[in-house]
Amino acid sequence: MSHAPFGRRELTVTGIDELGAYRVLRAADDGPHPEPGQFAMLAAVERWGAGEDDRPYVLRAFSVARRRDGESHFLIEDVGPGTRRLCELRAGDRLWALGPLGRGFVAPSDGRRALLVGGGVGIAPLAILQDTLQGEGAAGATVLLGFRDGTRAEGAALLSGARVATDDGSVGHRGFVTELLAAELDEDPHAVVYACGPAGMLEGVRALCERRDVPAQLALEAGMACGFGACFGCVVPKRGGGYLRVCVDGPVVDAAELERVDEHAGAPA
Amino acid sequence: MSVELCGLQLAHPIINGSGTFDAIAARRAFGERLREEFPFAAYVSKTITLAPRAGNPPPRLWEAAAGLVNSIGLPNKGLDGYIAEDLPQLAELGIGAGANAGEGVVPLITNVMGASADEISALLEACDEQAQIAAIELNVSCPNVATGLDIGADPRQLEQVLGAVRGRTRKPLIVKLTPNTADVAACALAAEHGGADAVSLINTLRAMALAPRTGGAGGNAARWLGGGTGGLSGPAIRAVALAQVAAVAARVAIPVIGMGGVQNASHARDLLDVGASVVAVGTESFRDPATGSTIARELASGGAEGRRSTQPA
């Protein structure tokens, strides 16, 4: 696991690219190289606040989507005053970043193939995971992505060779990405599943993998104020009672650690 | 800029508010450099209770205007777990013990909470036996099982409870006052009469938030936080903190630890100017864990002098 420098760092935005319903925010970053699945807390240096309801206030958590050529990439969907402000950033603007934080994905073992399953803006950490698996010369990972509609499905371009499902059938398979996953596991169950997406999708992946005895690693999301274990705000119930802190015990957890994936507690957006 | 607090020597006047910095978790995030760059002159633990607590069901956070409402529910391992598991890990960070040559120990202030004089007595006695603990902070924002009223919300009750427990420890006792009371200065005075060596304030202001409306007109008052209500912190409460710290400092002779919405050295200087001896940083550490060091550095260099702004401007 890569440790974060102590204290937030000021990065310079190098660009922001439109990707369907999403934006890819890029910033020059000479900090530690993140492991796939790790995240950073982000805020605009200028005008962070005074948006809708006089927010945002705390930084916002984003998976690192890619680290390449001295840049960190983050995938952002405008769903609230914080994400909106980040979407407004332009090249040259300044960005606060604290990270890389949290526990990332663990590489596949015993010859299992990697199945990457993503939903919506949650596809982000799977991009850097795919980069890393390819860099290690592993056999090409199978990538299955689900989106609500065609505009969001344009996000699939973040990864290579993705098979896509959309709720409305406008692109690829009409239905859920978990249906694509079930078909893949029918064909070859000797796999490890890496998943990130909305809670409903993650719960579908978790239940399917449990039934078929396939190991799965789930990247979770939760409302979070700090990202480093201080606020105790980002908890999810763990199997056997008690809670996990998504920021330091995750965001990637072994599916076996959870009884189920609950509808997450509304991250400040 | 070193200061003395109840016999504790602090390298600078900035500490953390209880429950706003978990040194053990921070080491997992930042690694061993946390020890070298530790931002606080003393480390205040999360609230420890006799029995372990899982904390409140999520959601636990609500972002407010310039602040945060939290309803965490004081999750902790309980007294035995704290002593057996946390104290050794804190020593590895040089907190309360385990200093390397040429390095100072960061004094450990253990925050405890109990629902009766008996519970508080047991906590104080156990802490008293731990050489690693330099001082004890008593969280009195807890309903008294006997009266149902928060122990710290009523001066007479507070003085009575403190009178019953004060003799259980020879260590300095800091009372963390609750702001959710009619007269916080009267409560501070009661704490002093009850034997407190210092008071700290302000704790969070009771607050709540409603779940997003899901259509239909009115009538839906579902609460957002799993705990029902929570506490407001952050810049939103800074002016309230200044007023309460000033009122308390004017009334008591014991040292005052001031906190509430401090984001920079100017805000810390304001609390010192109205009579605080030490300032705690809380919610701002969530936005930058190094805030404590930044403020201490600026205070030491005199950077906050004369920076109080004129308003409206």
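Of the 313 residues of chain B, 54% count as buried. The model is a predicted one. Chain B holds 10 helices and 14 strands. Its C-alpha atoms fill a box of roughly 65 × 50 × 40 Å along the principal axes. The radius of gyration of chain B is 19 Å; a compact globule of 313 residues would have a value near 20 Å, so the two agree. Contacts also reach along the sequence. Among those in chain B between residues at least 6 apart, 71% join residues at least 24 apart.

Chain B contains an open sheet of eight strands. The strand order is β3-β14-β13-β10-β9-β8-β7-β4, and the pairing is parallel. Strands β3 (14-16) and β4 (43-44) of chain B are the edges, each pairing on one side only. Within this sheet, β7 (residues 108-112) and β8 (residues 133-139) of chain B run parallel and are joined by five bridges. B:V112 has B:L138 of β8(B) as its bridge partner.

Chain A also has an open sheet, here of seven strands with antiparallel pairing. The order is β4-β3-β7-β1-β2-β6-β5. Its edge strands are β4 and β5 of chain A, each of which pairs on one side only. From one strand to the next, the twist averages 40 degrees.

β3(A) and β7(A) run antiparallel and share five bridges. Here A:A44 stands opposite A:L95 of β7(A). β7(A) is also joined to β1 (residues 9-19) of chain A, by four bridges and again in the antiparallel sense. The bridge partner of A:T12 in β7(A) is A:R94. β1(A) in turn pairs with β2 (residues 22-28) of chain A over seven bridges, also antiparallel. In this pair A:L19 stands opposite A:Y22 of β2(A). The hairpin of β1(A) and β2(A) has two residues between the strands. One of its residues, A:G20, takes a positive phi near 60 degrees.

A helix lies across part of the sheet. Helix α2 (residues 124-135) of chain A lies across β4, β5 and β6 (71-76) of chain A. Relative to β5(A), the helix runs at about 45 degrees.

Chain A is assigned two domains, domain 1 (9-101) and domain 2 (113-257). Their C-alpha centres lie 21 Å apart. The contact between them takes 19 residues from domain 1 of chain A and 23 residues from domain 2 of chain A. On the domain 1 side, the elements that give two or more residues are β3 (39-44), β4 (60-63), β5 (66-68) and β7 (94-101) of chain A. By class, this side has 13 nonpolar, three polar and three charged residues.

The two chains also meet. Chain B contributes 33 residues to the contact and chain A contributes 30 residues. On the chain B side, at least two residues each come from α1 (23-30), α2 (33-36), β5 (61-64), β6 (67-70) and α9 (283-287) of chain B. The largest share, five residues, is that of α1(B). By class, the side of chain B that touches chain A has 18 nonpolar, seven polar and eight charged residues.

One residue of chain A shows this meeting of chains in detail. A:F232 lies in the loop between β13 (216-219) and β14 (235-237) of chain A. A:F232 has 26 C-beta neighbours inside 10 Å and therefore counts as buried. Leaving aside residues up to four places away in sequence, A:F232 touches A:R245 as well as B:G55, B:R60, B:I72 and B:P75 of chain B. A:F232 and A:R206 are 26 residues apart in sequence, and their C-alpha atoms are 24 Å apart in space.

Conventions: Residues numbered from 1 in each chain as written. Chains lettered and ligands numbered in written order. Predicted model: local features only at pLDDT ≥ 70, side-chain atom pairs only at ≥ 80, totals over all residues. Buried ≥ 20, exposed ≤ 12 C-beta atoms within 10 Å, placed from the backbone. Contact = placed C-beta atoms within 7 Å. Domains from an automatic or database assignment. Nonpolar A, V, L, I, M, F, W, Y, C, P; charged D, E, K, R; others polar. Rg over C-alpha atoms; globule rule 2.2 N^0.38 Å. Pairing = 2+ DSSP bridges. Axes fitted to C-alpha atoms, helices over the stretch in contact; angles between N-to-C directions.
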